[in-house]
Amino acid sequence: DLSLNPFSSGTRLRDMIRAIRASKTAAEERAVVRRECAAIRAAISDNDQDYRHRNMAKLMFIHMLGYPTHFGQMECLKLIAASGFPEKRIGYLGLTLLLDERQEVLMLVTNSLKQDLNHSNQFIVGLALCALGNICSAEMARDLAPEVERLLQTRDPNTKKKAALCSIRIVRKVPDLAENFMGSAASLLKEKHHGVLISVVQLCTELCKASREALEYLRKHSVEGLVRILRDVSNSSYAPEYDIAGITDPFLHIRVLRLMRTLGQGDADCSEHVNDILAQVATKTESNKNAGNAILYECVETIMGIEATSGLRVLAINILGRFLSNRDNNIRYVALNMLMKAMAVDTLAVQRHRVTILECVKDADVSIRKRALELVYLLVNDTNVKPLTKELVDYLEVSDDDFKEDLTAKICSIVEKFSQDKLWYLDQMFKVLTLTGNFVKDDVWHALIVLISNAPELQGYSVRSLYKALQASGTQESLVRVAVWCIGEYGEMLVNNISMLDVEEPITVTESDAVDALELALKRYSVDVTTRAMCLVALLKLSSRFPQTSKRIQAIVVQNKGNTVLELQQRSIEFNSIIQRHQSIKSSLLERMPVLDEASYLLKRAASSQATVSLTKSAPSAASGGSLKVPNGAVKPPPAPLADLLDLSSDDAPVTTSAPSTAPNDFLQDLLGIGLIDTSTAGGAPSASTDILMDLLSIGSYPVQNGLPATSNIGSPGQGKVTVLIIFCIFLPCLSSILNLCCTVQQ
């Protein structure tokens, strides 16, 4: 009685499902499943044959809920071994759900499968073929391949179809068996039943992938059959059982076209046989329905994949051009993908649709915009670079912020790759910096600075253009950095309108205006350390170029003496010292940067872009005293002298580094701010102030042992600096007392 025991083996499947769905919590559901599994286990132990098929149906539902059902695997084998069709159906269904090819239990079912494949009932044969096609392992494939191959020649179309699908699984598991199915597959292409045809076409495709021998065989014996199938399907009248939106069996169309692409790839003879039928499909298929578009897309991909004639390729690319005008975003996206592949085949044909592709860059769908931008980048060449760049730059102003980064990167890459005129290059880069300078990467504006330094005839034009752009839009970070650098280097050209070009109009800029621009940038970018540091360097250089503004510049520089950022604080103190105390060397110290080697910079940049670890490799070399890479690409020696520290080398007077043996003393004096005593004289003794400081800090010398002379505790410049820094940190609370003592000793 179910009212007394609702979870007995006699409970119907629908009652169990109703009880599970009535559970309000996961715990109640687990309890229902646990009680039902216990009842099924009891029935299995009692060898209950009356409800075995019902218990297996319950186990399959429980398995789909995610609960373990491994204890019922043997019940599947018992049901499969039964003689009736209903039991076998449940058994094979449970076999495909509860087991997979990795289960050892599966080895026990091979004999039952072999018997059912030879059964006189076609429905039982179909069950065995379906199960074998789903869970076939390599061992089972080798054992049962002869039976499946024999079933390919039966009269029943449903059995043929299932045998062909099962053969696909066998070929995938054991590619060596492909030779056994070549002849049967080629002969079945003469069938009229669409289900058999689509299964056999897929089998032929798998055979071509699995075996080179099968590929050559099918090229000789199946091409004519495929052409006939495609022609019959294209010209057939209305057939309601295969019709989809007015297109006869588009699935068979697509499968045949894919097999043609596989056979015709790299084979001119096979491609020549299919050219005519491909042209017929491309011209007769309707493009106003989705099924027709699917066939046209597959036809285009086949034309691009085989050795087709040039006229056929142009026809295919024109079809893709029509796809770009479709309102469906999916169709436009796949058309853009296909056009990118077509660029390697026929660039001129794709170029004819350039205007339509450019419109796709402005599409509302972000995926279409990105794909169209990549395609435009491939379309750019020396002849169309200027109009294409103009279109992209014009769109840059109104594009979404999410898209501006990709668009900016592509424009910069196009301009750098195809620019033959430096003036045009500068104009485009200035426009990009003005519109989206916040999205420009560092290596791009570094390369721009290198180019400006190598173009003396355009330096005046550059600084004036950047000054005007800075006045119009001072919110773009990269624009501010390039403008600040140029104003610092070529400020006199800005004020005096030097090197005017014919396309320019003179502007009136005073020395005070130039300083105002740098001061505004310094205040506006209060968070960005790099921009503020560049502003300080530029102000320092203008103090030499514009002597009348020296006092004002000094006042601006001094404002950063108490900055919490150590880099800015150090620059402010050092620059103030240069302006106030070193007038005699300031002019030579603050000359223009030497011309940077553009070729070597571009080579280094290309190498760094290819090797992503180049930045991490450059750090140890810089720490070990090797040459350093500054942002604008110049390679400089170790920063011992002040000129190198400030990146302000002289054009005609290279600075010589002092001897290593004196570096510790110089560094200690600079660190503690005592005397500017020359210790670079060969053989000269260390200064008295340094000796006293050494004694105070207990780092003077080792005690003399065995008559050997005392040696300095600072063995090398690097070690000396580290030692002094460590001791400086230890004695930081007593620093004021030490400095007072040093001053007393000096007096």
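# Notebook: burial, helix packing and ring contacts

Entry 1. I take buried as under 20% relative accessible area, exposed as over 50% and partly exposed as in between, with a 1.4 Å probe and protein chains only. I note that this is a predicted model, in which local features need pLDDT of at least 70 and side-chain atom pairs count only at pLDDT 80 or more, while totals for chains, interfaces and linings use all residues. Residues are numbered from 1 along each chain as its sequence is written, and side-chain values use heavy atoms, with hydrogens and water left out.

I placed L106 in the loop between α5 and α6 (110-117). Helices (H or I, at least four residues) and strands (E, at least two) are DSSP runs, numbered from the N terminus. Leaving aside residues up to four places away in sequence, I find that L106 touches L95, L99, D100, E101, I135 and M140; contact means heavy atoms within 4.5 Å. I also recorded C136, which is 30 residues from L106 in sequence and 9.1 Å from it in space, C-alpha to C-alpha.

**Entry 2. The whole protein.** I counted 39 helices and four strands in the secondary structure. Of the 747 residues in the protein, 48% are buried. Among contacts with a separation of 6 or more, 66% are between residues 24 or more positions apart.

**Entry 3. Helix α10.** Which residues of α10 (178-188) are buried? I list A178, F181, M182, S184, A185, A186 and L188. I then asked what covers the buried residues of α10. The cover includes α8 (138-151), α9 (157-173), α11 (194-210) and α12 (212-221).

**Entry 4. Helices α21 and α23.** Two packed helices are described by the angle between their axes and the distance between the axes. For α21 (residues 366-379) and α23 (residues 401-418), I noted axes that come within 11 Å and cross at roughly 0 degrees. The axes are lines fitted to C-alpha atoms, for helices over the stretch in contact, and the angles run from 0 to 180 degrees between N-to-C directions. The two helices, α21 and α23, are therefore roughly parallel to each other. Angles under 35 degrees count as roughly parallel, over 145 as roughly antiparallel, 65 to 115 as roughly perpendicular and the rest as oblique.

From α21, I recorded R369, K370, L373 and Y377, which meet F403, D406, L407, K410, S413, I414 and K417 of α23. The residues of this contact divide into five nonpolar, one polar and five charged. Here Ala, Val, Leu, Ile, Met, Phe, Trp, Tyr, Cys and Pro count as nonpolar, Asp, Glu, Lys and Arg as charged, and the others, Gly among them, as polar.

I also looked at L378, which lies in α21 and is partly exposed, with a relative accessible area of 39%. L378 touches M340 and M343, not counting residues up to four places away in sequence. From L378 to M340 I note 38 residues in sequence and 7.8 Å in space, C-alpha to C-alpha.

**Entry 5. Charges over rings.** I looked for charged ends over rings, with NZ of Lys or CZ of Arg within 6 Å of the ring centre and within 35 degrees of the ring normal. The charged end of K410 sits over the ring of Y377, 4.5 Å from its centre. The charged end of R41 sits over the ring of F71, 4.1 Å from its centre.

**Entry 6. Aromatic pairs.** Rings of Phe, Tyr and Trp (its six-membered ring) pair if their centres lie within 6.5 Å; planes under 30 degrees apart count as stacked, over 60 as edge-to-face and the rest as tilted. By this rule I count three aromatic pairs. The rings of F85 and F123 have centres 6.5 Å apart and planes at 70 degrees, so this pair is edge-to-face. The pair links distant parts of the chain, with F85 in α5 (residues 85-98) and F123 in α7 (residues 122-135), 38 residues apart. I found F85 partly exposed at 30% relative accessible area, whereas F123 counts as exposed at 53%.

W485 and Y490 also form an edge-to-face pair, 5.9 Å centre to centre with 80 degrees between the planes. W485 counts as buried at 13% relative accessibility, and Y490 counts as buried at 4%.

**Entry 7. Positive phi.** I noted that D249, a residue other than glycine, has a positive phi near 45 degrees. D249 is placed in the loop between β2 (247-248) and α14 (250-264) and counts as buried at 8% relative accessibility. N497, not a glycine, has a positive phi of about 55 degrees; I located N497 in the loop between α27 (477-496) and α28 (511-524).
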